[in-house]
Amino acid sequence: MGASSMLTTGEAPVPRYNVGMRCLLRILFAIATVICLLLAIGTATLWVRSKDLLCDGLVHYRFDRAKRSDTQVSIDSLDGRVAFHWLTRDRSGTMPDKREEALGGLYLTKQQFPRSVISYDSFGMWLGFYLRLPVPRQSESGVVAVPHWFLFLLFSLLPVFSLRSGLLILRRRRLRLCPTCGYNLRASPDRCPECGQLHTC
Ligand SMILES: [Zn+2]
C-alpha cells in the first residue's frame with residue numbers, strides 16, 4: 001500500500017550516468033579483454049608445444065640445508081594440460097644433489113619427454129582434468145592439472161563477448177542508433193531519449 005503512494009506520474013526520471021566512471025569501467029574492461037586475449041594465445045601456443053611432448057615449466061625450488069629437506073613447486077605445460085605440482089621431501093639420510101641445490105629459486109624450464117615418461121595414471125583423470133593429493137607416509141607430492149582446451153575456452157570468453165558487443169555497437173553507430181539500447185538518435189545525437197545515455201565518451 002505504501003509502494004503505490006511512492007509512484008510518481010509524468011515523465012520517467014532520466015538516469016544520471018557518471019560518464020567518467022563509465023569511461024574508466026570501459027578502459028578496465030578493454031584491459032581485461034586484452035589480458036584474456038594474450039592468455040588465450042599463450043595457452044594455444046603451449047597447447048601446440050605440449051603435443052610435441054615439450055614441457056614448458058615455471059619452477060620454484062628450495063633446499064633447506066638446516067632441516068635437510070627440499071621443496072619444489074612447479075607449473076608445467078605438458079601433454080595437453082597445465083599442471084600445478086608440489087613436492088615436499090625429507091632428505092635426511094641422503095646428501096642433496098649438487099645440481100638441484102644449484103637450481104634454487106624461480107626459473108623457467110623446457111624439456112623434451114618421451115611419451116613413456118609421462119606418469120599421469122588414469123585414476124584421478126577426468127576429461128583431461130587430473131588430481132592427485134599427497135598421501136601421508138607414501139607420497140609427498142600432489143598434482144592438480146587442468147587441460148589446455150578448458151583454459152583456452154575460459155580465456156576466450158571475454159574476447160569473444162567483446163568482439164560481439166563491439167560489432168553490435170559499430171553497427172548501431174553506423175545506423176545512428178543508441179549504442180546501448182538501439183533507439184533512433186537522429187533527433188538527439190548527444191543524449192538518448194529512451195535510456196538517457198550520454199554519448200560523449
Ligand atoms: Zn539508449
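Predicted model: local features only at pLDDT ≥ 70, side-chain atom pairs only at ≥ 80, totals over all residues.
## Helix α2 and its surroundings

Helices α2 and α4 cross in a left-handed sense. The contact between them is made on the α2 side by Ala32, Thr33, Cys36, Leu37, Leu39, Ala40, Thr43, Ala44, Leu46, Trp47 and Ser50, and on the α4 side by His148, Leu151, Phe152, Phe155, Ser156, Leu158, Pro159 and Ser162.

Two packed helices are described by the angle between their axes and the distance between the axes. For α2, which covers residues 19–51, and α4, which covers residues 148–174, the angle is about 150° and the axes lie 8 Å apart. Angles over 145 degrees count as roughly antiparallel, and therefore α2 is described as roughly antiparallel to α4.

### Along helix α2

Helix α2 has 33 residues, and the distance from its first C-alpha to its last is 48 Å, close to the 48 Å expected at 1.5 Å a residue. Its buried residues are Ala40, Thr43, Leu46 and Ser50, and each of these four also belongs to the contact with α4. An α-helix has 3.6 residues a turn, so residues three or four places apart point the same way. After α2 comes Leu53, whose phi is positive, near 60°.

### A residue in strand β1

His60 has its place in strand β1, which runs over residues 54–64. Is His60 buried, partly exposed or exposed? It is partly exposed, because 15 other C-beta atoms lie within 10 Å, whereas 20 or more would be needed for a buried residue. Leaving aside residues up to four places away in sequence, His60 touches Val73, Gly105 and Leu106. The C-alpha atoms of His60 and Ser74 are separated by 6.0 Å, although these two residues are 14 residues apart along the chain.

### The chain as a whole

The chain has four helices and seven strands, and from the N terminus on these elements run in the order α-α-β-β-β-α-β-β-β-β-α. Two percentages describe the chain as a whole.

| Item | Value |
|---|---|
| Buried residues among the 201 residues in the chain | 10% |
| Contacts joining residues at least 24 apart, among those between residues at least 6 apart in sequence | 52% |

Technical notes: Residues numbered from 1 in each chain as written. Axes fitted to C-alpha atoms, helices over the stretch in contact; angles between N-to-C directions. Helix = DSSP H or I, 4+ residues; strand = E, 2+ residues; numbered from the N terminus. Parallel < 35°, antiparallel > 145°, perpendicular 65-115°, else oblique. Left-handed = near helix turned anticlockwise from the far one by under 90°. Contact = placed C-beta atoms within 7 Å. Buried ≥ 20, exposed ≤ 12 C-beta atoms within 10 Å, placed from the backbone. Expected span 1.5 Å × (residues − 1).
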